[in-house]
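Biologist: I'd like to learn how to read helix packing in a model. Can you walk me through it?

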Amino acid sequence: MERLPSVSLRRDPAGPRPSADPEALRRWVVAFCIIRFDLEQGQLVEECFPPDSLPHHQLLLVAFSSFPDSMSHHHLNPNTAHRPSSSSSSSIHDCIFSFRFPAAAADGGDFLYGYVFNRRRQDERLPRGGEQKSVVILSRSPYSSVFRPLLQILGPLCFDIGPSALGLVASHVAAWPAPAPGAPMDLPIGSAALRVHLPPALYDAAAPFPPANPSVPHGLFHDADIFGSFRGLLLHLWTLWELMLAGEPLLVIAPTPPQCSEAVAALVSLVAPLPFSVDFRPYFTIHDPGFARLNSLGEDEEFPPMVLGVTNLFFLKALRNIPHVVSVGSPGPNTGRALPVASRSASTGMPGRNSRPGKLNLEQLSLNKFSPSGLLNAMKLRREGPLCLMTEHKEAVWSTYTATTKPDTAILNRLIDSPRIEESMSVANNEILRRHFLELTTNFLAPFGPYLRATTPSKGTSPFVDPPPLPPFHADEFLSGLATRGPGKFLSKRMRSNWLELYRSFLEGQNFMPWFHRRRAAAEQEQHRLWRQARMSTDMNKLISKMSEVEIVDSFNAIERHLLAEIQQLGDASEDSAVVCQKLKGDLRVVFNVLPKDMQQLLLSNPKRSALLQGDPEPGKHPSVQSNPVAELKFSFLSL
């Protein structure tokens, strides 16, 4: 696990007991739990802070999700910190993983995210030779960059000073400012601080598109270890990207919870900046309430779109109709998050790795290079299917899907390979892969740009008319036009001739409509802002000098409509709206003064309109902003 600076969180026993404001705490954390695995009674919740913060059924699900599943016969953990004690008969294994499950509507979110620090202590002096406990942080937010390092502080502290650590850490978390999605934050914790950059809100309509800076998070799990999770399946990353893009059902199986949860997080991060709208479970167990429904699906029933990370081999038999399966990780005991395994099984068609640090050997990676043994292994894997994992773990992908995107050898050539890769090299490899897939996804979404682009008033035209609506979107017309134009230079070099099928799959999947509707709403909002801004900067005297009488009358009606709309915003006491109202009221007066007298009298016969036109002492000039424009305008317009 990653090293953190030394943090002091000890409190003075004689001092006051730390307290945490419940409302402030819930901005970040729903609950902290300590759960013990008892061989006779099963999972037992020893402590939950704040008390009664979770209903019983959720506590039960949290407890079952906080330990390795029963039929995962790989005991040692590749994401484990192994520390032998002074006695040769004792050892400690720590690991961190995550899970996700649907939350009740009353909890204020669609899902709860669990972050687990699991410690397994093997000691012959203990009853039954050992014990296992988990410290869990539950949150509505998928902030792995916050809760992973926080767990690395809280977990050992709980084993050091006991359950009082929960309240101690909670008091620090409650003192944090509210989360600022998409922004960097410094979060003090004891004598140190967590410096993090939060991902944007899941459906942040204000997020720039295309992304302005590829170095900051543009989606969930920006810190996920793509390279470490799929080091043995690098050539399959482009296929997996397409499956995630299309929202296809996918089963991710790994020897341990940290490996499967990290792999699922890495897959979700591949499609950034596209929000992943398909249900995903980083660590899914047979105790999840959703398992019974999935297990009851008939052979002819379509598997629902979801990504499941599992370790229990029973899922291979129970979920046989899931169309895509990927196995990752290794049951080897001596690897860590930044230290992936050096050897790979024949499931990938790859020989052993380079013995010295250097670039990836593309000849070893090549799937196109003929090898009799590789061909036989591939045929055997396809024939046996995922059930071969019941006897031996292999890294492989089972799918009948025909990929469109070709693996980018230029990207693979930049990756650094070593039997024991340094953490800095792993970070560099992840940055290379993340930037590439960010660029790939951005270019894939680029053809939708014309439907999501705000317009501004052209020079010399009136900004008071209604802006043109965004172009209507029809999937068939879009695909027809795209087939004629092509996907663009960037994708043309990387995709095969069946590239249009990927767009069709994307349009039919669950990721498209939520993203498109929110980007569309963001474009409409931006267009409203731009036209409003143009109205504020328009010189009305100059504009009407070029208008006909009919256009002047139309302008009066348009300004009046915009003014009434702005008045509705005054209930929020917005000074911005007040300033806009003052400007529009002045513009309305300017237009009114050039209308024929008979038309002026007709307009003034309406009391509400007459009230809008009153209050400008110097016709033809814009009124200045008063010291308290909000209060003044509220008083003037409340009767309208």
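Biologist: What is the handedness of the crossing where α14 passes α16?

Modeller: A crossing is left-handed if the near helix is turned anticlockwise from the far one by less than a right angle, and right-handed if clockwise. Here α14 passes α16 in a right-handed crossing. Helices are DSSP runs of H or I, at least four residues, and strands are E runs of at least two, numbered from the N terminus. This is a predicted model, where local features need pLDDT of at least 70, side-chain atom pairs count only at pLDDT 80 or more, and totals for chains, interfaces and linings use all residues. Numbering starts from 1 along each chain as its sequence is written, and side-chain values use heavy atoms, leaving out hydrogens and water.

Biologist: At what angle do α14 and α16 pack?

Modeller: Axes are lines fitted to C-alpha atoms, for helices over the stretch in contact, and angles run from 0 to 180 degrees between N-to-C directions. For α14 (residues 475–485) and α16 (residues 499–508), the angle is about 160 degrees, with the axes 11 Å apart. That makes α14 roughly antiparallel (over 145 degrees) to α16.

Biologist: Which residues make the contact?

Modeller: Contact means heavy atoms within 4.5 Å. From α14 come A475, F478, L479, L482 and A483; α16 brings W499, L500, Y503, R504 and L507.

Biologist: And where does another helix pair come within 8 Å?

Modeller: Look at α3 (residues 144–161) and α4 (residues 164–174): their axes come within 8 Å and cross at roughly 150 degrees. Among the contact residues are L150 and L154 of α3, and L168 and V173 of α4.

Biologist: How many helices and strands are there?

Modeller: The protein has 23 helices and 15 strands.

Notes. Angles under 35 degrees count as roughly parallel, over 145 as roughly antiparallel, 65 to 115 as roughly perpendicular and the rest as oblique.
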